[in-house]
Amino acid sequence: MVDQTFFHCSPIILGAESIIGAGNWGRIINLYAYKHNMFYREQVFDSSRAQFAASAPSRMSSVFAFRTVQEAKDYRLRENKHMELIYEVEPINQGCPLFYGWLNLFEDKTLSEPQRADAYWQNGQVAVHGTTTFAPAVSVVPISYEVLIGSDVRVLQQIG
């Protein structure tokens with residue numbers, strides 16, 4: 001059994017044992033639909049997931065997290081989300097699907113949205129919480145990962 005915890009960023013103050021529901025990003029995107037500036041991107045990504053990583057959780061029904069505190073801190077800095085808090089979290093459901101996606105692809109402006117989506121799902125890694133050990137890709141440039149967790153998560157503690 002692989003004991004895995006992750007690190008989630010949120011602007012909301014949460015206590016230990018709080019539950020963060022999966023799919024909040026998708027709820028927001030669907031609420032605003034085409035009026036949301038990320039609607040098109042998420043539609044393209046979900047279509048690509050069905051083709052290249054069908055067993056991976058959808059971005060629209062997941063909790064987003066990071067493998068390490070440092071990746072969470074790097075995300076806050078890169079995205080100018082200094083007010084967000086970092087929480088150590090664990091999936092509630094053992095055996096839930098996970099997906100480790102390359103965040104670097106979002107910064108590559110040479111790719112079209114469909115190319116970026118295909119590369120995201122083709123280069124990432126599908127895993128199962130509690131049973132799969134993550135094996136980072138070998139690369140000449142540092143790769144930053146986001147983890148899609150296909151389950152609600154429980155807050156263990158606030159980190160920063």
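This is a predicted model: local features need pLDDT of at least 70, side-chain atom pairs count only at pLDDT 80 or more; totals for chains, interfaces and linings use all residues.
Figure 1. The model holds 7 aromatic pairs. In one of them, Phe45 and Phe106 are stacked, with 5.4 Å from centre to centre and 15 degrees between the planes. This pair links distant parts of the chain: Phe45 belongs to helix α2 (residues 39-52), while Phe106 sits in the loop between β5 and α4 (113-123), 61 residues apart. Phe106 is buried too, with a relative accessible area of 15%. Look also for Arg41, whose charged end sits over the ring of Phe45, 6.0 Å from its centre.

**Figure 2. Phe99 and Trp121, a tilted pair.** Here the ring centres of Phe99 and Trp121 are 4.5 Å apart and the planes meet at 45 degrees, so the pair is tilted. Phe99 comes from strand β5 and Trp121 from helix α4, 22 residues apart, which makes this another link between distant parts of the chain. Both residues are buried. If you widen the view, you will find one aromatic cluster formed by Phe45, Phe99, Phe106, Tyr120 and Trp121.

Figure 3. Arg59 and Glu42 are both buried. A salt bridge also joins Arg59 to Glu146, where the closest N and O atoms are 2.5 Å apart. Because Glu146 is in strand β7 (residues 145-149) and Arg59 in the loop between α2 and β3, this pair ties together parts that are 87 residues apart in sequence. Glu146 is buried, as is Arg59. Arg59 also lies over the face of Tyr120, at 5.4 Å from the ring centre.

Figure 4. The side chains of Lys81 and Glu84 meet in a salt bridge, at 4.0 Å from N to O. Lys81 is partly exposed because its relative accessible area is 29%, whereas Glu84, at 13%, is buried. Elsewhere, salt bridges that share partners join Arg41, Glu42, Arg59 and Glu146 into one network.

Figure 5. Four strands line up in the order β1-β4-β8-β2, with antiparallel pairing. Its edge strands, β1 (6-10) and β2 (19-20), each pair on one side only. Between β1 and strand β4 (residues 85-91), the antiparallel pairing runs over 5 bridges. Phe7 stands opposite Glu88 in β4.

**Figure 6. Phe6 in the nonpolar core.** The largest nonpolar core has 37 residues, and those touching the most other members are Phe6, Leu98, Tyr120, Trp121 and Ile149. Beyond its neighbours within four places in sequence, Phe6 has contacts that include Ala65, Phe66, Tyr87, Val89, Leu98, Tyr100, Val147 and Ile149.

Figure 7. Pro97 is placed in strand β5 (residues 97-102). Pro97 counts as partly exposed because its relative accessibility is 28%. Leaving aside neighbours within four places in sequence, Pro97 is in contact with Ser55, Pro57, Ala127, Leu148, Ile149 and Gly150. Gln51 lies 46 residues away along the chain, with 17 Å separating its C-alpha atom from that of Pro97.

Methods: Residues are numbered from 1 along each chain as its sequence is written. Side-chain values use heavy atoms; hydrogens and water are left out. Helices (H or I, at least four residues) and strands (E, at least two) are DSSP runs, numbered from the N terminus. Buried means under 20% relative accessible area, exposed over 50%, partly exposed in between (1.4 Å probe, protein chains only). Contact means heavy atoms within 4.5 Å. Rings of Phe, Tyr and Trp (its six-membered ring) pair if their centres lie within 6.5 Å; planes under 30 degrees apart count as stacked, over 60 as edge-to-face and the rest as tilted. A charge sits over a ring if NZ of Lys or CZ of Arg is within 6 Å of the ring centre and within 35 degrees of the ring normal. Two strands pair if DSSP finds at least two bridges between them. A nonpolar core is a set of buried Ala, Val, Leu, Ile, Met, Phe, Trp, Tyr and Cys residues joined through side-chain atoms within 4.5 Å.
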